[in-house]
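Dear colleague,

I am passing on the structure below, together with notes on what turned up when I went through it. Please read the notes with the model open beside them.

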Amino acid sequence: MYVAVKGGEKAIRNAHRLLADRRRGDRSVPALTLAQIAGQLALAVDRVMSEGALYDRDLAALAIKQARGDMIEAIFLVRAYRTTLPRFGYSEPVDTGAMHIERRISATYKDLPGGQMLGPTFDYTHRLLDPELAGDAEVPGAGRGEGEPARAMRVSDILAEDGMIEGDGDAATETPGDITREPMEFPMERDTRLQSLSRGDEGFLLALAYSTQRGYARSHPFAGEIRIGEVEVAVDMPELGFAVTVGRVQLTECQMINQFKGSSKAPPQFTRGYGLVFGQSERKAMAMALCDRAMRARELGEDIVAPAQDEEFVVSHCDNVQASGFVEHLKLPHYVDFQAELELVRTTRAEHESRRDPGPAVAEAAE
Amino acid sequence: MTMQPTDLATYNFAYLDEQTKRMIRRAILKAIAIPGYQVPFASREMPMPYGWGTGGVQVTASIIGPDDTLKVIDQGADDTTNAVSIRAFFAKVAEVSTTTSTADATIIQTRHRIPEEKLGEGQILVYQVPIPEPLRFLEPRETETRKMHALEDYGLMHVKLYEDIARNGHIATTYAYPVKIEGRYVMDPSPTPKFDNPKMDQSEALQLFGAGREKRIYAVPPYTSVVSLDFEDYPFEVNRFDQPCALCGAEGVYLDEVVLDDRGGRMFVCSDTDHCEKRRAAGHKGTMAGGEIGQ
């Protein structure tokens, strides 16, 4: 077998060796273990799982290590692996109402069935650097509080009882869309849109969500409920005739409640913005919920006036694997195109010069 | 099927699973049946970044077989880093023979160039496409541009070309110059210099275009009319170079400008490295053969 080898091959090999060396860093410092990353950088792992769209803590930890902590690179690694996996089927919809809750808060009710549960949150920590964490100080264990229920009804169900909030709505089609198996088409149904948002870039969605709060498509949101915990994933087994639980995943769910004046078709009632992501990713779930609501403008008959409402704009640009790939492809050689542009600029400059500084013959003719 | 064992997983022949390949081949068949029409396909994440040839790689992976011989070029050259990387990828996951010789290749994956040597029947040219929509920079919305293609409404493009002429005296598009396929679809030839456009017309080879990030495949079957858009009084013209290749003396080929020093020294050499090497091997000599960048 003849294989073409040229100079670039050696350069690439050397660059990869250098990368491996820099990744390992100082050899006198022990190498990170995946258990350390998964256990102590858990929120980084959660982000890689949610935007990488693959629920596997070990693989996400490996990706973070391999990417030297570059989150988008880690997300890309996970995605590129995920895409090679066979598709066995689709799970039943998970029941977040039956979630084994670790954190659950509502900004709309002071107290409610199931109560407020802060859980492991940065909220109300004072952001003072803690020198103790520089060492390996003993950390006391913490368990679930006494008498705290593990399950609680969803806040949206409380509002839904008296019709104050719109229903959850039905899926547009019997089998939900799948953005990893079907090319996107605009306008999108909400199922595929939510899929795109769920693995969209946290920073991008955060900025867009923020823009809605600052008046670019204001939707008067209230954080109806944010809950984090584990839910069971069940898969229907045709041979058995019923669904079987195959595992549990940790999810963060956010239900935003938004004002809605009503339209010719719908009475005034609260509307929903929905966010659901893998792991503990509260900021992302909230941003997703605000963006989801903003993009329902068409469905609810609202004027589309701001970027966050523009489904084609948001969904086409929220994927950080696509975005970083295309932005960074500018590193690749473009000298063929550049040569063509060079020639054009040289020609137009020559024309410009001759117009500005007409020779005597031309000047006479003009007179 | 050849399976490649790795620590974590096994990958199929040519990386993609057979179901995905079948899906892509269906899109390719549809694209061939409707020349110039952009067929949406469920593009996969690939182990190289979007924008780095994932569309071309998916097309190649779907059509390549163990008996194929693959050539990969970027900017016309076989030895640019990304071409090297993609060629190495297929040598690894598909164990196919690779070549730098245009004539010996059954599949040529390219970015930004069409080889100078005329392609023949049975050869397939796979283009890597960043933005498949020729109307995209005139109308950013996919919903709108799809409608414009459906209605064959290409007025906007003609207005753009007309405005170029009104402003500059000539059409100011030098690469990714729009073409019309079989008198129907306006198509982006990918960012090849317009110098290469005439090679697409009535080509004996099958031309496939893959845009991974934008999830589109389109095709120009062999012996298909490919016409660069122009006006009767401003006909399409290709860029011409004042001098021949400094290494092989070739004329009428696309040249790269190589900066030699910091005093304005320049030389022009073939962008198609295979073409240049073959000519030199056949005894052709340019003015600087054996000089500064001779190998």
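Two residues are taken to be in contact if their C-beta atoms, placed from the backbone, lie within 7 Å. This is a predicted model, in which local features need pLDDT of at least 70 and side-chain atom pairs count only at pLDDT 80 or more, while totals for chains, interfaces and linings use all residues. Residues are numbered from 1 along each chain as its sequence is written, and chains are lettered from A and ligands numbered from 1 in the order in which they are written.

Leaving aside residues up to four places away in sequence, Val48(A) touches Ala60(A), Ala63(A), Ile64(A), Met71(A), Ala74(A), Ile75(A) and Val78(A).

The helices around this residue come next. Helices (H or I, at least four residues) and strands (E, at least two) are DSSP runs, numbered from the N terminus. The axes of helix H3 (residues 42–52) and helix H4 (residues 57–66) of chain A come within 9 Å and cross at roughly 105°, where axes are lines fitted to C-alpha atoms, for helices over the stretch in contact, and angles run from 0 to 180 degrees between N-to-C directions.

A residue is buried if 20 or more other C-beta atoms, placed from the backbone, lie within 10 Å of its own, exposed if 12 or fewer, and partly exposed in between. A nonpolar core is a set of buried Ala, Val, Leu, Ile, Met, Phe, Trp, Tyr and Cys residues joined through C-beta atoms within 7 Å. The largest such core has 110 residues, and those with the most contacts inside it are Val48(A), Ala60(A), Ala63(A), Val78(A), Cys291(A), Ile28(B) and Ile217(B). Helix H9 (residues 282–295) of chain A gives the largest share, nine residues. Both domains of chain A give residues to this core, so it lies between them.

Between the chains, the contact takes 49 residues from chain B and 43 residues from chain A. On the side of chain B, the largest share, seven residues, comes from H3(B).

Some backbone details also deserve a look. A cis peptide bond, with omega about -5°, joins Phe186(A) and Pro187(A). Ser190(B), although not a glycine, has a positive phi of about 75°, and with 26 C-beta neighbours inside 10 Å it counts as buried. Gln202(B), also not a glycine, has a positive phi of about 55°, but Gln202(B) is exposed, with 12 other C-beta atoms within 10 Å.

With best regards

Key: Domain bounds come from an automatic or database domain assignment.
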